[in-house]
Amino acid sequence: MRSDRSTKISSISRTREIPEPGEGSASLAAAGTTISDFSRTREAGGIFERSASSIREQLLQSEWLRPSDAYGWRAILRNVLPLFALLGLAPALAGVHAFLPWLLSPAIGLFLYRITIVMHDCTHHTLFVSRKMNTRVGGLLGAVSGVDFHSFCLQHWKHHRLYGRAGDPQAFHYADLARMTRGQLRRHLAKPLLGLNLRSVVAESLLAPRNLARSLRTGEIALVILVQVAMLTLVTGLGRYPLLALLPFASGATFALFFSQLRGIAEHGVLDGSDPYIVRSHQPSWLDRALLYDLNFNHHAEHHAHPQIPSCHLPAVQRATGTQPAPRSMFGTLHAMFEERRRHV
């Protein structure tokens with residue numbers, strides 16, 4: 001049975017209504033009751049307690065509420081530029097052998113996935129100082145990744161309200177792990193590599209009928225067409241290798257969703273079913289940073305507790321609150337979970 005001490009962070013993230021992104025410091029101040037209630041957190045690595053009033057005072061510091069434009073542009077450049085470099089490399093490899101460009105699929109999928117992490121900060125309007133800049137950049141990155149930014153926002157806010165419960169749009173990553181045998185767990189991990197997770201995220205696709213209709217109505221379709229034509233022109237070598245037009249889509253539908261699921265399991269997955277409301281932070285790791293997260297996403301418990309604080313400040317929040325992250329990396333958590341399943345099957 002879960003204790004009151006073990007569910008504090010979960011009840012906060014579960015019950016609060018997430019303010020509309022971009023409401024800034026006024027919104028966070030208005031959420032003072034939630035922040036002042038944040039005095040205990042359950043984590044795999046332990047439980048911390050601090051003075052609620054002290055934490056609230058620190059969280060309301062203006063420097064913790066202000067995004068960094070430089071931080072945001074660096075994140076965009078380190079993820080978008082490699083993606084376009086890989087797309088440009090594909091036709092060059094095709095000139096050597098038709099199979100070689102498809103070896104780029106894991107890397108292309110990885111950077112498409114990482115771009116959605118940058119989009120994530122735009123959903124909270126915390127990547128840039130300007131609300132309009134967050135919206136515009138989020139829409140532009142959505143055009144690159146094939147994800148409708150408006151639907152992505154709605155689904156993500158829903159995840160904050162409902163994680164661990166029925167209705168969480170990301171629950172397909174982690175919800176049924178406790179009932180899976182070791183073989184079923186292996187098959188669950190392999191599903192995205194076969195494109196089988198696509199049906200769970202199709203509502204966020206630019207091609208979903210509702211999203212397509214909205215983009216036609218608002219005129220956003222023009223940006224989508226411009227970006228997609230540029231990408232297809234690049235990856236096909238000005239049309240010399242038309243089959244390569246499928247490469248970005250195939251990479252996103254498989255490897256991008258595979259990396260996303262690994263992170264989702266590490267952040268929220270449980271095998272014993274005792275606490276479905278887990279949210280974990282993790283120790284920094286170069287391998288995790290390369291394959292599973294960017295923008296301080298390893299500080300996931302802090303983000304769920306304080307979604308209006310820009311990710312550039314989450315390490316400072318962790319230090320100030322004394323949160324104990326999981327005593328391992330994300331891959332370490334995944335390994336520990338599989339070892340636990342192996343021992344109990």
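## Helix packing and pockets

In helix 7, Ser 105, Pro 106, Ile 108, Gly 109, Leu 110, Leu 112, Tyr 113 and Ile 117 touch helix 15 through its Leu 247, Pro 248, Ser 251, Gly 252, Phe 255, Ala 256, Phe 259, Ser 260 and Arg 263. Sorted by class, that contact comes out as 11 nonpolar, five polar and one charged. Keep in mind that this is a predicted model.

**Helix 7 with helix 15**

- Helix 7 covers residues 105-123 and helix 15 covers residues 246-268, and the two pack at an angle of about 65 degrees.
- Their axes sit 7 Å apart, and helix 7 passes helix 15 in a right-handed crossing.

**Helix 6 with helix 8**

- The axes of helix 6 (residues 69-94) and helix 8 come within 12 Å and cross at roughly 15 degrees.
- Angles under 35 degrees count as roughly parallel, so helix 6 and helix 8 are roughly parallel to each other.
- The crossing of helix 6 and helix 8 is left-handed.
- On the helix 6 side you'll find Trp 73, Ile 76, Val 80, Leu 83 and Phe 84, and they meet Met 133, Val 137, Leu 141 and Val 144 of helix 8.
- That contact has nine nonpolar residues, with no polar and no charged ones.

**The largest pocket**

- The largest pocket has a volume of about 1100 Å³.
- Its lining takes in 45 residues, and Ser 145, Gly 146, Val 147, Val 201 and Ser 205 are the ones nearest its centre.
- By class, the lining of the largest pocket splits into 26 nonpolar, 16 polar and three charged residues.

**The second largest pocket**

- The second largest pocket has a volume of about 410 Å³.
- It is lined by 22 residues, and Thr 135, Gly 139, Phe 149, His 150 and Glu 220 lie nearest its centre.
- Helix 8, helix 9, helix 13 and helix 14 are the elements that give two or more residues to this lining.

Note on methods. Residues are numbered from 1 along each chain as its sequence is written. This is a predicted model: local features need pLDDT of at least 70, side-chain atom pairs count only at pLDDT 80 or more; totals for chains, interfaces and linings use all residues. Side-chain values use heavy atoms; hydrogens and water are left out. Axes are lines fitted to C-alpha atoms, for helices over the stretch in contact, and angles run from 0 to 180 degrees between N-to-C directions. Helices (H or I, at least four residues) and strands (E, at least two) are DSSP runs, numbered from the N terminus. A crossing is left-handed if the near helix is turned anticlockwise from the far one by less than a right angle, and right-handed if clockwise. Contact means heavy atoms within 4.5 Å. Ala, Val, Leu, Ile, Met, Phe, Trp, Tyr, Cys and Pro count as nonpolar, Asp, Glu, Lys and Arg as charged, and the others, Gly among them, as polar. On a 1 Å grid over the protein atoms alone, a cavity is a set of points where a 1.4 Å probe fits but cannot get out, and a pocket is an open set with protein on both sides within 12 Å along at least five of seven lines; lining residues have an atom within 4 Å of a point. Grid points are joined across faces, edges and corners, and a volume is the space filled by probe spheres set on the points. Angles under 35 degrees count as roughly parallel, over 145 as roughly antiparallel, 65 to 115 as roughly perpendicular and the rest as oblique.
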